[in-house]
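Hi,

Here is the structure I promised to pass on. Have a look at it first, and then read on for what turned up in it.

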Amino acid sequence: MRMGLAIALLLCPLACSVPAAAQSKVNIEQNFADSLTALPKEELAVAGGFYVPAYSSVAMSQGKLRVDFSVTLSVHNASETQPLVVKRIAYFDTAGKQVESYLKAPVALKPLATVSIFIPTDDVRGGTGANFLVDWAAASEIAEPAVEALMVGGVANAHYAFISQGRPTRTAGKN
């Protein structure tokens, strides 16, 4: 009897757990309030963008097995002194169709601050060729932000984690 009760207590958190939902309804301004600051009053003279490959699913075992991954996109302000304005964070599927847009309006990151987008393992809308576009700007010359996606997942006893670094989509410089 005690053994059965102990097993039930151990399994209860698993039975009660709810899978994570896509972050589309999450308010970046709320979740990352400590990372954000007021938008610069000066004209945004410098701008850039990143394309970030992401893989919410990967084919394995000669294409006979699909492994799903959670994806965390992180946008880091690499400047020690000035804010970075993030103008767009958009998620696209394998066919290039936009799946989600994560900003209603531009936000400004404090120096060395970060915002993240999390896509849970069970959200496979992006597919094997998912990607993000991130557009940014600043009032003057600034260290280029670091933008990358971390994928984490597994099958059976094997676990995988890998990073995909963002690639600039246009030259950063004065408008």
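Let me start with strand E9 (131–138): seven of its eight residues are buried, so E9 is largely enclosed by the rest of the structure. Buried here means under 20% relative accessible area, with exposed being over 50% and partly exposed in between (1.4 Å probe, protein chains only). Strands (E, at least two residues) and helices (H or I, at least four) are DSSP runs, numbered from the N terminus.

Before the details, some housekeeping. This is a predicted model, in which local features need pLDDT of at least 70 and side-chain atom pairs count only at pLDDT 80 or more, while totals for chains, interfaces and linings use all residues. Residues are numbered from 1 along each chain as its sequence is written, and side-chain values use heavy atoms, with hydrogens and water left out.

On confidence: pLDDT is the predictor's confidence in each residue, from 0 to 100. The chain has a mean pLDDT of 86, with 82% of its residues at 70 or more. The part to treat separately is residues 1–24, where pLDDT stays under 50 and the model has 16 contacts beyond four places in sequence. A contact means heavy atoms within 4.5 Å.

Now the overall picture. Of the 175 residues, 38% are buried. Among contacts with a separation of 6 or more, 77% are between residues 24 or more positions apart. The chain exposes about 10200 Å², and carbon and sulfur atoms supply 57% of that; the areas come from the Shrake-Rupley method with a 1.4 Å probe, and for residues only the protein chains shown count as cover.

Back to E9 and its partners. Which strands pair with E9? E2 (46–53) is joined to E9 by eight bridges, and E5 (84–92) by seven. Both pairings are antiparallel, and a pair needs at least two DSSP bridges between the strands. To find your way around in the viewer, look for Gly49 opposite Asp135 and Val85 opposite Ala137.

Next, the inside. The largest nonpolar core has 34 residues, and those with the most contacts inside it are Leu73, Val75, Val86, Ile89 and Phe132. (A nonpolar core is a set of buried Ala, Val, Leu, Ile, Met, Phe, Trp, Tyr and Cys residues joined through side-chain atoms within 4.5 Å.) The elements giving two or more residues to this core are E2, E4 (65–76), E5, E7 (107–109), E8 (114–119), E9 and E10 (146–155). E4 gives the largest share, five residues.

Ile89 is in strand E5 and counts as buried at 2% relative accessibility. For Val86, the contacts outside four places in sequence include Val75, Leu103, Pro106, Val134 and Trp136.

Finally, a pair of serines. Ser56 is in the loop between E2 and E3 (57–60). Is Ser56 buried or exposed? Buried, with a relative accessible area of 0%. Its side chain reaches the backbone nitrogen of Gly127 at 3.0 Å, and beyond four places in sequence Ser56 is in contact with residues including Phe69, Tyr91, Asp123 and Gly127.

Ser57 is found in strand E3 and is also buried, at 3%. What does the side chain of Ser57 make a polar contact with? The side chain of Asp68, at 2.8 Å. (A polar contact is a pair of N or O atoms within 3.5 Å; within protein, one must be able to donate a hydrogen and the other to accept it, and residues adjacent in sequence count only if both atoms are side-chain atoms.) Asp68 is also the bridge partner of Ser57 in E4, and E3 and E4 run antiparallel, joined by four bridges. In their hairpin, with four residues between the strands, Ser61 takes a positive phi near 55 degrees. The C-alpha atoms of Ser57 and Gly129 are 8.2 Å apart, although 72 residues separate the two along the chain.

Cheers
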